[in-house]
Amino acid sequence: GQSDRSQEADLYYRRACLAAAEERFDVGIVFCAKAIDVEPRHLAARLLLAKIYDKGLGNLEAAVAAYKKVIALAGYDGTNSQCIAAREALDALVQKA
């Protein structure tokens with residue numbers, strides 16, 4: 001059911017967080033992708049993926065695309081914490097560029 005999928009996605013997300021914290025960005029990307037495969041609207045995993053591309057790998061093109069995806073999936077909701085974080089990160093990238 002839905003809660004099983006949600007739990008599975010959360011597990012992959014937690015593993016991705018751990019990998020990112022250990023600067024194993026390639027592993028983090030794999031676990032983010034697995035979380036998103038299981039639950040395409042998993043905003044936390046999508047935001048982490050964007051952060052890995054941004055801060056971890058310096059892949060600005062991928063980071064911008066990933067941040068925009070978070071904002072769109074959050075419905076451009078200014079009260080959604082992940083949407084706010086993605087917007088702020090995107091603004092920071094634009095200012096750097």
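This is a predicted model: local features need pLDDT of at least 70, side-chain atom pairs count only at pLDDT 80 or more; totals for chains, interfaces and linings use all residues.

Residues are numbered from 1 along each chain as its sequence is written, and side-chain values use heavy atoms, with hydrogens and water left out.

Helices here (H or I, at least four residues) are DSSP runs, as are strands (E, at least two), and they are numbered from the N terminus. α3 comprises 14 residues and spans 18 Å from its first C-alpha to its last, close to the 20 Å expected at 1.5 Å a residue; the expected span is 1.5 Å times one less than the number of residues in the helix. Because 10 of its 14 residues are buried, α3 is largely enclosed by the rest of the structure. Buried denotes under 20% relative accessible area, exposed over 50%, and partly exposed the range in between, with a 1.4 Å probe and protein chains only. Among the buried residues of α3 are Leu43, Arg46, Leu47, Ala50 and Asp54. The buried residues of this helix pack against α1, α2, α4 and α5. After α3 comes Gly58, with a positive phi near 65°.

Helix α4 also has 14 residues, and it reaches 20 Å between its first and last C-alpha, close to the 20 Å expected at 1.5 Å a residue. Its buried residues are Ala62, Ala63, Ala66, Tyr67, Val70, Ile71 and Leu73, and the buried residues of α4 pack against α3 and α5. Just after α4, Gly75 adopts a positive phi of about 70°.

Which residues have the most contacts inside the largest nonpolar core? In this core of 15 residues, they are Leu43, Leu47, Tyr67, Val70, Ile71 and Ala86. A nonpolar core is a set of buried Ala, Val, Leu, Ile, Met, Phe, Trp, Tyr and Cys residues joined through side-chain atoms within 4.5 Å. At least two residues of this core come from each of α3 (43-56), α4 (60-73) and α5 (81-96). The largest share, six residues, is supplied by α4. Apart from this core lies another, of 14 residues, which includes Ala35, Ile36, Ala45 and Leu48.

Tyr67 illustrates the packing at the residue level. Neighbours within four places in sequence aside, Tyr67 is in contact (heavy atoms within 4.5 Å) with Leu47, Ala50, Lys51, Asp54, Ala86, Ala89, Leu90 and Leu93.

Ala35 belongs to helix α2 and counts as buried, at 0% relative accessibility. Beyond four places in sequence, the contacts of Ala35 are Ala9, Tyr12, Tyr13, His42 and Ala45.

One aromatic pair is found in a search of the whole structure. Rings of Phe, Tyr and Trp (its six-membered ring) pair if their centres lie within 6.5 Å; planes under 30 degrees apart count as stacked, over 60 as edge-to-face and the rest as tilted. The ring centres of Tyr12 and Phe31 are 6.2 Å apart and their planes lie at 25°, so this pair is stacked. It links distant parts of the chain, with Tyr12 in helix α1 (residues 2-21) and Phe31 in helix α2 (residues 25-38), 19 residues apart. Tyr12 is buried at 17% relative accessible area, and Phe31 is likewise buried at 19%.

The charged side chains remain. Side chains of opposite charge can pair when their charged atoms come close. A salt bridge requires a side-chain nitrogen of Lys or Arg within 4 Å of a carboxyl oxygen of Asp or Glu, and the count by this rule is two. Another salt bridge joins the side chains of Asp54 and Lys55 (3.3 Å, N to O).

Where does Asp54 lie, and is it buried or exposed? Asp54 is in helix α3 and is buried, with a relative accessible area of 5%, whereas Lys55 is exposed at 65%. The side chains of Asp54 and Tyr67 are joined by a polar contact of 2.9 Å. A polar contact is a pair of N or O atoms within 3.5 Å; within protein, one must be able to donate a hydrogen and the other to accept it, and residues adjacent in sequence count only if both atoms are side-chain atoms. Not counting residues up to four places away in sequence, Asp54 touches Leu60, Ala63, Tyr67, Leu93 and Lys96.
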